[in-house]
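This report goes through the model shown below, taking the layout of the chains, the confidence of the prediction, the contacts and the ligand site in turn.

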Amino acid sequence: MWILQLAWKNLWRNRNRTAITMASIFFAVVLSVLTSSIKTGIFDNLIKNVVSFYSGYIQIHKQGYWDEQILDNSFENSTVLERKLLNDPRITDITPRLESFALASAGNITKGCLVVGIDPQKEDRITRLSTKLIAGKYLQAGHNTALVSEGLLKRLQLQLYDTLVLIGQGYHGATAAGKYVISGVAKFGSPDLNDRLLYLPLGTAQVLFEAPGILTSYVLSIQDPKQVNTISTDAQQLAGKEYEVMSWEQMMPDIKQHIKTDSSNMVVIQLILYLLISFGIFGTLLMMMAERRFELGMLVAIGMRKSKLALLLLSESILTVLAGCLLGILASIPIVWYLQKHPIRITGNAAKAYERFGFEAIFPTSTDSAHFINQGLMVLLIGLVLSLYPLLKVTRLNPVISMKK
Amino acid sequence: MSTVIDAHNISKIYNKENIPVYAINNVHLHINQGEFTALVGPSGSGKTTLLNLIGGLDKPDEGKIEINGIDITAMSPNKLIDFRLRNIGFVFQSFNLIPVLTARENVEFIMQLQGINKTEREARIQTLFRQIGLEDKMDSRPSQLSGGQQQRVAVARALASKPQFVLADEPTANLDTASASNLLDIMALLNKEENITFIFSTHDARVIERARRVITLVDGRITSDTAKVDTHVQH
Ligand SMILES: Nc1ncnc2c1ncn2[C@@H]1O[C@H](COP(=O)(O)OP(=O)(O)O)[C@@H](O)[C@H]1O
Ligand SMILES: [Mg+2]
């Protein structure tokens, strides 16, 4: 106990030095918490954008659909399966889709398009399709109307409330053909989708493709995106072998790869940060040991065991590092919180790239407590490893040499 | 009178590989309980080296040192630290005290190392500060004390552990005449009243005068060893 008291007093002997050490630890924690939470925030946001844009976090198809996306690889609408899935509290919503290719024509212009039959209400809850509307009205179940992407509309040289004809192949080789009024126009960030997408109410699409009660996919939304893999595995169990359950990572491996690459870049930045503070802390430790050389020798000379002296120095380090870490964590909480409420907005080319894909280039930080804990512990660990240096010096201390003028 | 220190044929050799320097050269030293002995000699004559050897801070290259019949030259480093804590009081030339502790805390420190309980520590602190005449400075930091006062606190600390003897390496070297004389008064009084054994090195003539036995070192050898009437000196 008295060793701790002495350690505490020693912290105040050279306030500047203690302040420098604490400050470097403090900033280290703040900066690494920030990088970590911004990093995660960016990726979470990216995933959220991409996923909610079209794919959803999890999709269920008939086994084999993803490799061969044709209408015959479809399944019967199953309220039993829907109910089973929704029984899992981690799954918040399910929306059915029937997707297939068709030709859209008007006058003498014909263009290929991707027809997506949707449940307008449920779809909107998951992908917020209605927010992409730039003209007209959102789809309504049962109507013979289409929601057309802006690019497709232009390519067909049509306007809102014009009529277009869809021709294609229906379920089991039937011929699909239908006439629809364009009731709404939507703009999508992805140029590719913006040129090809066409939405119909699910029932209308099923009539078109002569596929009553048939779906190509269920799109699932989940409570916690981090649990996507376990939920996906569980859902596969629930659905059985005739279905394939895929997470967004499986459906879009390139995005997963992109995140991985960027993550490792961030790790390098963090390593540099750790290295910088290590030098800072080590410098103050060197200074401290040089300044106290005589005193430490004197303490051993008068009978202080080296183990006790080591304990004293370790207590001093721990107090400094711990205080710096705690203050750093405390200070980073409001900063991270503020950056979540007032997200970082990227400008310039990067922003344009994001906007092209229909995402706003804003990145709220992640307020996951793991950032504070992990980064705090990491810096704490660095501090403790560095404080082994004084301990090493103490074990080698020779009082006669230390006390030589 | 009982023997406290018995050093047989001790030598300390530096620079053994090249041209060996005998900092201490075949010295015999015998110190009895209650002595008040000065170690004198020019700078570089080996005073500090000899004190370090008999204080167990350094090991001789030749010879053997016994404290109360215990051979300290064979002790392991940790044992030796504990031995110093319990048997030897140290007063160095300067910077004896821990700067962040008050005078009383510095004295208490060594008793905390010894594991002495609070009541006993408190009682001892009162006695010691009365003996060094600094009852009113107990709560001052070393930086708030004069050099002489700091050395008196160092003496109190050296005594706090109830050692067999106190070694003081040029304790007055950084003091003015009045402070030096005052420190010597206190040491002499403690020696007389409590029979505390002091061995101090010095090259200050006025300090030498106060000693009851004077051992002179030249080039690591004892060249003379004289005692005043009331001390038994054996050669
Ligand atoms: N660590 C050392 N390495 C080499 N020589 C030393 C060392 N310490 C002391 N000496 C030498 O030993 C001799 C005695 O030194 P010292 O005991 O300090 O003398 P004093 O205290 O009487 O001035 C001197 O010649 C000194 O140079
Ligand atoms: Mg000397």
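## Domain layout of chain A

Into which domains is chain A divided? In this predicted model, chain A consists of domain 1, which is made up of residues 2-51 together with residues 255-402, and domain 2, which covers residues 70-215. The C-alpha centres of domain 1 of chain A and domain 2 of chain A are 52 Å apart.

## Helix packing in chain A

Helix 2 of chain A, covering residues 15-55, and helix 10 of chain A, covering residues 253-291, have axes that come within 9 Å and cross at roughly 175 degrees. Because angles over 145 degrees count as roughly antiparallel, helix 2 of chain A is roughly antiparallel to helix 10 of chain A. Sorted by class, the contact of helix 2 of chain A with helix 10 of chain A comprises 15 nonpolar, eight polar and two charged residues.

## Confidence of the prediction

For the complex, the predictor reports an ipTM of 0.93 and a pTM of 0.75. Chain A has an average pLDDT of 89, with 98% of its residues scoring at least 70. Within chain A, confidence is lowest in helix 13 (residues 349-356), where the mean is 71, and highest in helix 11 (residues 293-301), at 96.

Chain B has an average pLDDT of 93, and 97% of its residues score at least 70. Over residues 231-235 of chain B, however, the pLDDT is below 50, although this stretch has ten contacts in the model beyond near neighbours in sequence. Where pLDDT is low, predicted coordinates should not be read in detail.

## Contact between the chains

Where chain A and chain B touch, 19 residues of chain B are in contact with 16 residues of chain A. On the side of chain B that touches chain A, helix 2 (77-87) and helix 3 (103-114) of chain B each supply at least two residues, and the largest share, five residues, comes from helix 2 of chain B. By class, this side of chain B has twelve nonpolar, four polar and three charged residues.

## Surroundings of ligand 1

The residues surrounding ligand 1 include Tyr14(B), Asn15(B), Val21(B) and Ala23(B), as well as Gly41(B), Ser43(B), Gly44(B), Ser45(B), Gly46(B), Lys47(B), Thr48(B) and Thr49(B). Strand 2 (21-32) and helix 1 (47-54) of chain B are the elements that give two or more residues to this shell, and helix 1 of chain B provides the largest share, three residues. By class, the shell around ligand 1 has three nonpolar, eight polar and one charged residues.

Conventions
Residues are numbered from 1 along each chain as its sequence is written. Chains are lettered from A and ligands numbered from 1 in the order in which they are written. This is a predicted model: local features need pLDDT of at least 70, side-chain atom pairs count only at pLDDT 80 or more; totals for chains, interfaces and linings use all residues. Axes are lines fitted to C-alpha atoms, for helices over the stretch in contact, and angles run from 0 to 180 degrees between N-to-C directions. Helices (H or I, at least four residues) and strands (E, at least two) are DSSP runs, numbered from the N terminus. Angles under 35 degrees count as roughly parallel, over 145 as roughly antiparallel, 65 to 115 as roughly perpendicular and the rest as oblique. Ala, Val, Leu, Ile, Met, Phe, Trp, Tyr, Cys and Pro count as nonpolar, Asp, Glu, Lys and Arg as charged, and the others, Gly among them, as polar. pLDDT is the predictor's confidence in each residue, from 0 to 100. Two residues are in contact if their C-beta atoms, placed from the backbone, lie within 7 Å. Domain bounds come from an automatic or database domain assignment. A residue is near a molecule or strand if its C-beta atom, placed from the backbone, lies within 6 Å of it.
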